[in-house]
Structures are given as structure tokens and as C-alpha cells.
Amino acid sequence: PLFRSLEERTVEVNPKLVYLKSRLLARSHDDERKVRCILFAKTRYSTVALKQWINCDSELSFLNATHLTGSSREDDTMTKAEQDKIIESFSRGESKIMIATTIAIQGLDIRACNTVIRYGLVTDEIAMIQARGRARAALSKVTAVHPAGR
């Protein structure tokens, strides 16, 4: 036959997403209600793609992912009101994961944030320290997802 069934196809899995999923599930294992994660991504488009991936995954959808990006002259940016609404939703725990560009590296103070993940975001030491500073809760974890998925 020209076409194999879907079950027979080999599906390539993105190792970065596999590792990210394992980290998110590990953090939520004890008590998923207490998970509060900021996931830093490189581009606006990657924040949207990661949000959709998380919200469509049956094991991760409980996180109710949102995304936060900056504003500029481009059409696909967020207004200040949209940004405030997303930050408020994350602060209240309605969304357990906020996927953000570097806009959230400085000045964002959410005491309940207990996990920071840098997804393929390579920056300077200052930005690394600032990202680490977003994890304000006791026993917080900071993780980086390496390009190879580690």
C-alpha cells in the first residue's frame, strides 16, 4: 500500500518538548494547584506555539497556559490592558504557566511563582540572574532547556 496507517508511522519527537514536559510534570507531581511557572521563550511566535502545545496536551492542559509578549508597532503585539489581564490571571492562579518573552525578565514580582524555565533562551549573565529572580516562592526551581533537550 502507498500509505501506512497512522499507528505504523514513525513520529519524530522534539527532545526539547519532551524535556520541558517532564520538568512541568515533575513540578506539578506533588500538588498541581501550587504550580506557578514562568516559561521564557525567545520569540512572540514561540510563546504562542508553546501555549497551544501545552493547552492541547492532555497531561499539561490543567496548567491553562497563557502568553505574555511586549508591545510594538506590529499587529501581533499585546496592549498594556491585555498584558495586565494575563499577569493578573497568573497571579491569581487561574493560569499556572505564563509563557513570556524577555518582557517579563525585569520588574515582574509575583510572589507565588515557584518555577522559571528558560526554553532555548540564551542571553547574558545579567538576564539569567534577572530571570532567576522571577522565582519568588520558597523552594523555587530554575531550569534551562538546552537545544538538545536537556
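Predicted model: local features only at pLDDT ≥ 70, side-chain atom pairs only at ≥ 80, totals over all residues.

Colleague: How many aromatic pairs does the structure hold?

Modeller: A pair of aromatic rings is described by two values, the distance of the centres and the angle of the planes. In this structure there are zero aromatic pairs.

Colleague: Which residues of the largest nonpolar core touch the most other members?

Modeller: Such a core is a set of buried nonpolar residues joined through side-chain atoms within 4.5 Å. Here the largest one has 17 residues, and those touching the most other members are Leu 20, Leu 24, Leu 39, Leu 50, Ile 54, Ile 97 and Ile 99. Two or more residues come from each of α1 (15–28), β1 (37–40), α2, β3 (97–100) and β4 (115–119). With three residues, α1 gives the most to this core. A second, separate core has 13 residues, among them Ile 38, Phe 40, Met 78 and Met 98.

Colleague: With which residues is Ile 99 in contact, leaving aside its neighbours within four places in sequence?

Modeller: The contacts of Ile 99 beyond those neighbours include Leu 39, Leu 50, Ile 54, Ala 65 and Leu 68. Thr 47, Lys 51 and His 67 are also among them.

Colleague: Why does Val 48 count as partly exposed?

Modeller: Val 48 counts as partly exposed because its relative accessibility is 28%. This residue lies in helix α2, which covers residues 44–56. Val 48 is 52 residues from Ala 100 in sequence, and their C-alpha atoms are 9.3 Å apart in space.

Methods. Residues numbered from 1 in each chain as written. Heavy atoms only, no water. Helix = DSSP H or I, 4+ residues; strand = E, 2+ residues; numbered from the N terminus. Buried < 20%, exposed > 50% of the residue type's maximum accessible area, 1.4 Å probe, protein only. Contact = heavy atoms within 4.5 Å. Phe/Tyr/Trp six-rings, centres within 6.5 Å; stacked < 30°, edge-to-face > 60°.
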